[in-house]
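Please look at the aromatic side chains in the structure shown here.

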Amino acid sequence: MNISELTKGVAEATGTSDADAKKAITAVFDQIAGAAAKGEEVSIPGFGKFAVKDRPERQGRNPSNGEAITIAASKKVAFTPAKGLKDKL
């Protein structure tokens with residue numbers, strides 16, 4: 001599913017226009033991204049939670065020449081599905 005298919009589904013489910021549905025979906029994603037940028041957790045009951053996790057510095061290999069390299073520490077956004085979502089799978 002891509003954003004246009006998601007937009008059509010939301011528009012049909014809510015009885016709104018595709019443009020209004022796309023604005024709402026974009027606003028939701030922007031709020032989740034903004035909270036993640038601040039390091040906050042976003043929990044949506046019945047769906048799951050988005051949380052920022054730290055990835056420590058680690059050793060890796062350069063695939064072109066096999067040299068050992070150090071991969072810098074970073075942050076990632078992790079999604080943990082709720083029980084309600086898992087049960088639908």
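The sections that follow take up the basis of the model, the ring pairs and the exposure of the residues.

## Basis

This is a predicted model, in which local features need pLDDT of at least 70 and side-chain atom pairs count only at pLDDT 80 or more, whereas totals for chains, interfaces and linings use all residues. Residues are numbered from 1 along each chain as its sequence is written, and side-chain values use heavy atoms, with hydrogens and water left out.

## Aromatic pairs

Rings of Phe, Tyr and Trp (its six-membered ring) are paired if their centres lie within 6.5 Å, and the planes count as stacked under 30 degrees apart, as edge-to-face over 60 and as tilted for the rest. By this rule there are two aromatic pairs. One of them joins Phe47 and Phe79 in a tilted arrangement, with 5.3 Å centre to centre and 50° between the planes. This pair links distant parts of the chain, since Phe47 sits in the loop between strand 1 (42-44) and strand 2 (48-55) while Phe79 belongs to strand 5 (residues 74-81), 32 residues apart; strands (E, at least two residues) are DSSP runs numbered from the N terminus.

The ring centres of Phe50 and Phe79 are 4.9 Å apart with the planes at 45°, so this pair is tilted. Because Phe50 lies in strand 2 and Phe79 in strand 5, the pair ties together parts that are 29 residues apart in sequence.

Phe47, Phe50 and Phe79 form one aromatic cluster. Phe47 is partly exposed at 37% relative accessibility, Phe79 is partly exposed at 35%, and Phe50 is partly exposed at 21%, where buried means under 20% relative accessible area, exposed over 50% and partly exposed in between (1.4 Å probe, protein chains only).

Key: Helix = DSSP H or I, 4+ residues; strand = E, 2+ residues; numbered from the N terminus.
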